[in-house]
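Good morning, colleagues. Please bring up the sequence and the structure, and keep both in view while I go through the packing.

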Amino acid sequence: MTYPTLEPIPGVSNYCDRWCERCPFTNRCSVHAVEIAIGMCGGDEEAAVELALGIPPPETPEDERRRTELVEAANACVMADADMEEFEREEEAREERVDETRAITASMQAALLMATWLRANGSIDARLSARAADALAIARWDRHLIPVKLRRALRGLDEHRSGESGWDHPVQNDWNGTAKLTLICIARSIAAWDTLSEELGDPEARAVADQLRGLKREVERAFPDAARFIRPGFDEEG
């Protein structure tokens, strides 16, 4: 019996939560294929990419020379000291602007509440129902993912406002895609913390859920078009 080969979905990993064990698209994800291949190739990333993606070797000496020149040119791109200093100043200013947003403030408050609760309940797993155990797994996974993705979205939006993003579509752009993923993670985390609160009768877990609700409102305010973004694979049929 032969099985059909599923074509990779271009960009499916760009706006995913990297929770491969729960993803329906691992067999159509090039990034996941490369990660598996790295293990098969003993950590050799170049060999893994070739194995997973089928990148052919150069067919002629001219092809090999061209590839070598491209690699050497890329490695030779060194920013001048003055340009590097200006770049670093711009990056510091951007980080300051991002840190001053209401969304980041709400995210930091939520992160503190989550960290405090999880630290205080580090050995709770053994007495949880299956429903609560799943909620706890989500809470732990999203605890770090939400602030990282939110900061990336806000940085992208700031770059756009500074004329540096390179994206020209008002909806299908990186900051909206990243913000949509952030909102998805926040929504499922709210449900997870609500479950923990109900199952354990824990008002502190309820407080985390409420803080996440406030964070969700701030992210929606900062990215009003995020819900309209179409994530490759996840928001498409077929």
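Predicted model: local features only at pLDDT ≥ 70, side-chain atom pairs only at ≥ 80, totals over all residues.

R94 belongs to helix 4, which covers residues 81-99. Is R94 buried or exposed? Its relative accessible area is 2%, and because the limit for a buried residue is under 20%, R94 counts as buried.

Let me now step back to the chain. It contains eight helices and zero strands, so that the pattern along the sequence reads α-α-α-α-α-α-α-α. Of its 238 residues, 35% are buried. Taking the contacts with a separation of 6 or more, 67% join residues 24 or more positions apart.

I turn next to the largest nonpolar core. It comprises 40 residues, and those that touch the most other members are W117, L150, W193, L196, L212, L215 and F223. Which elements give two or more residues to this core? They are helix 5 (102-120), helix 6 (130-161), helix 7 (174-200) and helix 8 (203-222). Helix 6 provides the largest share, with 11 residues.

Beyond its neighbours within four places in sequence, F223 has contacts with L150, A153, L154, L157, W175, N176 and A179. L150, one of these partners, is itself listed with F223 among the core residues that touch the most other members.

Now to the helix pairs. Two packed helices are described by the angle between their axes and by the distance between those axes. For helix 6 and helix 7, the axes come within 7 Å and cross at roughly 155°. Since an angle over 145 degrees counts as roughly antiparallel, helix 6 is roughly antiparallel to helix 7. The crossing of helix 6 with helix 7 is left-handed. The residues in this contact comprise 19 nonpolar, six polar and eight charged.

What of helix 6 and helix 8? Their axes come within 12 Å and cross at roughly 20°. That angle makes helix 6 roughly parallel to helix 8, and this crossing is left-handed. I146, L150 and L157 on the side of helix 6 meet L212, L215, V219 and A222 on the side of helix 8. By class, the contact of helix 6 with helix 8 has seven nonpolar residues, no polar and no charged.

G233 is in the segment after helix 8 and is buried, at 6% relative accessibility. How far apart are G233 and C16 in space, C-alpha to C-alpha? The distance is 9.9 Å, although 217 residues separate them in sequence. Not counting residues up to four places away in sequence, G233 touches I9, V12 and F25.

R18 lies in the segment before helix 1 (30-40). Its phi is near 60°, a positive value in a residue other than glycine. With a relative accessible area of 36%, R18 is partly exposed. Thank you for your attention.

Notes
Residues numbered from 1 in each chain as written. Heavy atoms only, no water. Core = buried A, V, L, I, M, F, W, Y, C linked by side-chain atoms within 4.5 Å. Buried < 20%, exposed > 50% of the residue type's maximum accessible area, 1.4 Å probe, protein only. Helix = DSSP H or I, 4+ residues; strand = E, 2+ residues; numbered from the N terminus. Contact = heavy atoms within 4.5 Å. Axes fitted to C-alpha atoms, helices over the stretch in contact; angles between N-to-C directions. Parallel < 35°, antiparallel > 145°, perpendicular 65-115°, else oblique. Left-handed = near helix turned anticlockwise from the far one by under 90°. Nonpolar A, V, L, I, M, F, W, Y, C, P; charged D, E, K, R; others polar.
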